[in-house]
Amino acid sequence: MQEQHVNEQSVNAVPNDAEVGRQLTALTVGMDHLERRLSRGHGVLDSEGLLPIYLGDSLVPPLELNDWDAVHHELNTLETQTAAYPAGPRQTFLQDMLRSLRTATRLFEGEELSFREKLEGLVGVPAEPISEERLMEMHARLETLLGEAGYRSGTLAERVHRWESEGALDPSALESNFLELMASAQERTDRMIYPTGDYTMRLNMVRGVPFTARCNFSVGQMDLNADLNFTRSALKHLVCHEVFPGHSTQLLYTLDRAKTGESTPDVLLCTTNAVTGCVQEGIGDQGVHLLDWIESPSDAIHMQLRRVRSATATSAAWYQMGEGWPEARVYDFLERHSFGQRVWMEGRIRFASYSFRGPFIASYWFGDEAVREVRERVTPEQRSAFIEFLYGQMHSPRSLRMFGA
């Protein structure tokens with residue numbers, strides 16, 4: 001009788017969270033290695049891998065995996081452990097992450113999945129466009145901000161193009177503005193988020209790429225698409241997204257907390273192409289707001305314009321890949337609703353078409369919304385707890401919204 005009671009206790013016991021985090025991390029890194037080995041750079045992920053940046057080699061080595069059957073076995077084990085967690089943010093994240101990794105595994109095995117299945121299973125977001133009503137509300141707010149800044153004549157598209165053109169930085173001034181903005185962003189980040197030490201990045205101009213900017217952490221540089229024009233406010237946003245307090249800061253923070261044991265080892269998975277990607281991009285897109293750094297009408301205009309473009313790109317990707325619109329129609333939609341530069345719109349269409357990465361175009365909008373919604377209800381007294389929750393734990397959009405619940 002006593003033995004039965006002990007067995008029941010062991011079955012119902014909450015798992016060791018640090019050990020579950022270690023298992024999840026080892027499995028994810030092992031999946032990345034397995035996919036790279038089997039695809040030889042020609043799989044659905046090309047050369048990027050499931051985990052583009054991993055800083056935990058000395059902390060959590062990859063699990064040795066021989067095939068995808070072994071991956072499914074490990075996922076089954078973790079799902080059983082997750083079921084023993086109490087309801088809350090941690091269980092919710094683990095459920096979403098394991099569903100995401102399961103979806104990735106199916107793709108790596110060669111299974112054909114619909115765009116809807118990838119959005120819902122892999123990225124962890126709704127498979128739908130942003131409503132026309134929501135887009136029009138954002139347009140109206142943008143129109144108001146432009147009017148307050150003196151841009152009152154012409155269509156909204158004409159006013160946006162004129163504002164961007166008149167405020168565009170000369171290419172020769174990009175580097176000096178980048179360095180100045182990065183220094184200010186680092187000072188604010190050190191004071192408000194996390195002490196980043198002597199870490200900095202240099203600016204690297206690139207051409208012919210589908211992205212606007214990229215955190216190239218391993219070589220210490222922010223890649224910037226030289227085919228586009230940038231206002232100072234746009235460059236500020238990108239510095240905050242890619243460097244401080246965005247991707248680079250999250251990488252520094254999570255490595256530090258994993259080393260000290262203040263966070264579970266799975267924080268090392270912050271760059272994974274999975275549900276964690278939403279919150280990673282949300283931190284980046286909310287970076288200016290996290291630093292309370294809207295200091296001019298131009299900053300306010302750009303941040304609203306960025307929201308418009310993020311929502312529009314999410315809708316366009318759905319119309320292109322979910323509903324099968326021809327590219328010409330998708331381009332026309334982007335042109336009418338995002339007011340974007342041609343290179344940017346062409347890059348969004350190209351991005352959406354990628355078999356694995358394409359659905360992650362939606363991670364920017366939905367991740368930004370998740371971080372924004374929580375940030376806006378955080379009280380001053382909750383600020384430090386919110387920062388630890390946001391940076392010091394891994395989240396899906398669902399688990400992040402449970403802050404303070």
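Where in the chain does Phe339 lie? In this predicted model, Phe339 is found in the loop between α14 (327-338) and α15 (342-352). Its phi is near 55 degrees, a positive value in a residue other than glycine, and at 4% relative accessibility Phe339 counts as buried. The chain around this residue comprises 18 helices and 3 strands.

**Overall fold**

- The radius of gyration of the chain is 22 Å, which agrees with the value near 22 Å that a compact globule of 405 residues would have.
- Along the principal axes, the C-alpha atoms of the chain fill a box of roughly 85 × 45 × 40 Å.
- Of the 405 residues, 57% count as buried.
- Among contacts between residues at least 6 apart in sequence, 70% join residues at least 24 apart.

**Helix α10**

- The 14 residues of α10 should span 20 Å at 1.5 Å a residue, and the end C-alpha atoms of the helix are 20 Å apart, in agreement with that expectation.
- Because 11 of its 14 residues are buried, α10 is largely enclosed by the rest of the structure.
- Just after α10, Gly261 adopts a positive phi of about 80 degrees.

**Helix α8**

- Helix α8 (residues 174-192) contains 19 residues and reaches 26 Å from its first C-alpha to its last, close to the 27 Å expected at 1.5 Å a residue.
- Its buried residues are Leu174, Asn177, Phe178, Leu181, Met182, Ala185, Gln186, Arg188 and Thr189.
- An α-helix has 3.6 residues a turn, so residues three or four places apart point the same way.
- The cover over the buried residues of α8 includes β1 (202-206), β3 (221-225), α9 (232-242) and α10 (247-260).

- Leu390 belongs to helix α17 (residues 383-391) and is buried, with a relative accessible area of 0%.
- Leaving aside neighbours within four places in sequence, Leu390 is in contact with Val279, Ile283, Leu290, Val371 and Leu400.
- Between Leu390 and Arg162 there are 228 residues of sequence separation and a C-alpha to C-alpha distance of 37 Å.
- Gln286 sits in the loop between α11 (276-285) and α12 (287-290).
- The relative accessible area of Gln286 is 2%; the cut-off for burial is under 20%, so Gln286 counts as buried.
- Not counting residues up to four places away in sequence, Gln286 touches Asp368, Val371, Arg372 and Arg375.

- The peptide bond from Phe244 to Pro245 is cis, with omega near 5 degrees, and Pro245 is found in the loop between α9 and α10.
- Asp292, in the loop between α12 and α13, has a positive phi of about 50 degrees although it is not a glycine.
- Asp292 is exposed, with a relative accessible area of 60%, whereas Phe339 counts as buried.

**Second largest pocket**

- The second largest pocket holds about 180 Å³ of space.
- Its lining comprises 14 residues, of which His289, Ala300, Met303, Gln304 and Arg307 lie nearest the centre of the pocket.
- At least two lining residues come from each of α6 (132-148), α13 (297-322) and α16 (362-377), and α13 gives the most, with 5 residues.
- By class, the lining divides into 4 nonpolar, 3 polar and 7 charged residues.

**Cavities**

- The structure holds 3 cavities of 30 Å³ or more, and about 50 Å³ of space lies in the largest cavity.
- Lining the largest cavity are Phe115, Leu119, Pro126, Glu128, Thr314, Ala317, Trp318, Ile361 and Ala362.
- Both α5 (115-123) and α13 supply at least two residues of this lining, and α13 gives the most, with 3 residues.
- The lining of the largest cavity divides into 7 nonpolar residues, 1 polar and 1 charged.

Notes:
Residues numbered from 1 in each chain as written. Predicted model: local features only at pLDDT ≥ 70, side-chain atom pairs only at ≥ 80, totals over all residues. Heavy atoms only, no water. Helix = DSSP H or I, 4+ residues; strand = E, 2+ residues; numbered from the N terminus. Buried < 20%, exposed > 50% of the residue type's maximum accessible area, 1.4 Å probe, protein only. Contact = heavy atoms within 4.5 Å. Expected span 1.5 Å × (residues − 1). 1 Å grid on protein atoms, 1.4 Å probe; cavity = no way out; pocket = protein on both sides within 12 Å on 5 of 7 lines; lining within 4 Å. Points joined across faces, edges and corners; volume = space filled by probe spheres on them. Nonpolar A, V, L, I, M, F, W, Y, C, P; charged D, E, K, R; others polar. Rg over C-alpha atoms; globule rule 2.2 N^0.38 Å.
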